[in-house]
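Trainee: I have a model open and would like to talk it through. Can we start with one of the helices?

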Amino acid sequence: MIVDVKNLVKTFEQRGTFPWSPVREVRAVQGVNVQVAPGEIIALVGQSGSGKTTVSRMILGLEEPTSGEIWLDGQRWDGLSERERRPLRAKFQYVPQDSMSALNPQQTALEHITETFLVLGGKSKGEAQSSARELLSSLGLEERLHALPREMSGGEQRRVTLARVLALNPKLIVADEPTSGLDPDRRDSVLEALFGNLPKDAGCILVTHDMSEAKQWCNRIYVMLAGRAIEVLDVRKEEPQHPYAKLLFDPWGAPLPEKELSKEGCPFHSNCPIVLHSKCAQELPLLTELTTDSSDHWIACHALCADPESQKKSQAPISTDGETP
Ligand code: SF4
């Protein structure tokens, strides 16, 4: 496995407005497991505040977990000091949302990538420059080699950021909303540049709230809600079943419910259009594997996962008296 994350937890302390206000514990991530195999592209999807970005940042060591284990390429990663991580960092790369802040305003596209090959890739100056030209051309930037960041479009800036990451031939790339703020054409070109040039056997984690992107490019999708994965599936083979995931993936853009997430029981309880099971308000549903032929489909929902019998029932029409027919 390129990534093997076990029972990841992150809590923050939130202070009130005044010095005497009580300190509140915010659970941003609660018991998340994530695996990425070589050559696999997965997506972490969910609304803002679902915990997807915090998970991705912890995987790369940009934030420390409160508890849990993170293994990258067979090596325990959480708990290492920055000095221990530094020699390994080139293998595990992050593509930030804000590409402009990641670029040097004084350097052209060619200078950025040449420098990466030179300093971190260990190439000679001549080799670094020709590799940089080649890579930028493969990302459709052959006409923009001498452009400064401020002279580039948003899509071009993102592609230069991607080129810098790809130049290091990483084993893992975590791309945090790499297309946010771009128009649809530019989004496609950025994602084509990323996924079309992934190093062989590298793993990739795409963090996004755009379900069509996740569906188009990813092998497996982790749907996040209130700091937990509530459904894990291959959307190229199966449709989401969790009521929240169904809303997220609704191609007609049905509005997401606005009621606050429940603190007890299922977090989606006060919004759920079905609430089939009496346990919904009291007990947190655990991520459980569905016993379908395709397998590798996990869901956290009392109504869908209570037992194999209830799985069949859940696909039948829903009665309104709180019981499955
Ligand atoms: S556990 Fe209950 S409330 Fe939560 S999604 Fe399933 S049916 Fe709805």
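Mentor: Start with α1, where Lys52, Thr53, Thr54, Val55, Ser56, Met58 and Ile59 are buried. Buried means 20 or more other C-beta atoms within 10 Å of the residue's own, exposed means 12 or fewer, and partly exposed is in between, with C-beta atoms placed from the backbone.

Trainee: How many residues of α1 are buried, out of how many?

Mentor: Seven of the eight, so helix α1, residues 52-59, is mostly covered. Helices here are DSSP runs of H or I with at least four residues, strands are runs of E with at least two, and both are numbered from the N terminus. Just after α1, Gly61 has a positive phi of about 80 degrees.

Trainee: What kind of model is it, and how are residues numbered?

Mentor: This is a predicted model: local features need pLDDT of at least 70, side-chain atom pairs count only at pLDDT 80 or more, and totals for chains, interfaces and linings use all residues. Residues are numbered from 1 along each chain as its sequence is written.

Trainee: Which residues other than glycine have a positive phi?

Mentor: Glu177 is one of them, with phi near 45 degrees. Ala226 also has a positive phi, of about 50 degrees, although it is not a glycine. Most residues other than glycine have a negative phi.

Trainee: Where is Glu177, and is it buried or exposed?

Mentor: Glu177 is in the loop between β7 (172-176) and α7 (184-196). Glu177 is buried, because 20 other C-beta atoms lie within 10 Å.

Trainee: And where does Ala226 lie?

Mentor: Ala226 is in the loop between β9 (220-225) and β10 (228-233). Ala226 counts as buried because it has 22 C-beta neighbours inside 10 Å.

Trainee: Switching to helix packing. How do α4 and α6 cross?

Mentor: The axes of α4 (residues 109-119) and α6 (residues 154-166) come within 9 Å and cross at roughly 15 degrees. Axes are lines fitted to C-alpha atoms, for helices over the stretch in contact, and angles run from 0 to 180 degrees between N-to-C directions. The two helices, α4 and α6, are therefore roughly parallel to each other. Angles under 35 degrees count as roughly parallel, over 145 as roughly antiparallel, 65 to 115 as roughly perpendicular and the rest as oblique.

Trainee: Which residues meet there?

Mentor: From α4, Ala109, His112, Ile113 and Thr116 meet Val160, Ala163 and Arg164 of α6. Contact means C-beta atoms, placed from the backbone, within 7 Å. By class, the contact of α4 with α6 has four nonpolar, two polar and one charged. Ala, Val, Leu, Ile, Met, Phe, Trp, Tyr, Cys and Pro count as nonpolar, Asp, Glu, Lys and Arg as charged, and the others, Gly among them, as polar.

Trainee: What about α4 and α5?

Mentor: Their axes, those of α4 and α5 (residues 125-138), come within 8 Å and cross at roughly 125 degrees. That makes α4 oblique to α5. The contact of α4 with α5 has nine nonpolar, three polar and two charged residues.

Trainee: Last topic, the ligand. How many residues surround it?

Mentor: There are 15 residues around the ligand, and the closest are Cys266, Cys272, Cys280, Cys301 and Ala303. Near means a C-beta atom, placed from the backbone, within 6 Å. That shell has 11 nonpolar, four polar and no charged residues.

Conventions
Two residues are in contact if their C-beta atoms, placed from the backbone, lie within 7 Å.
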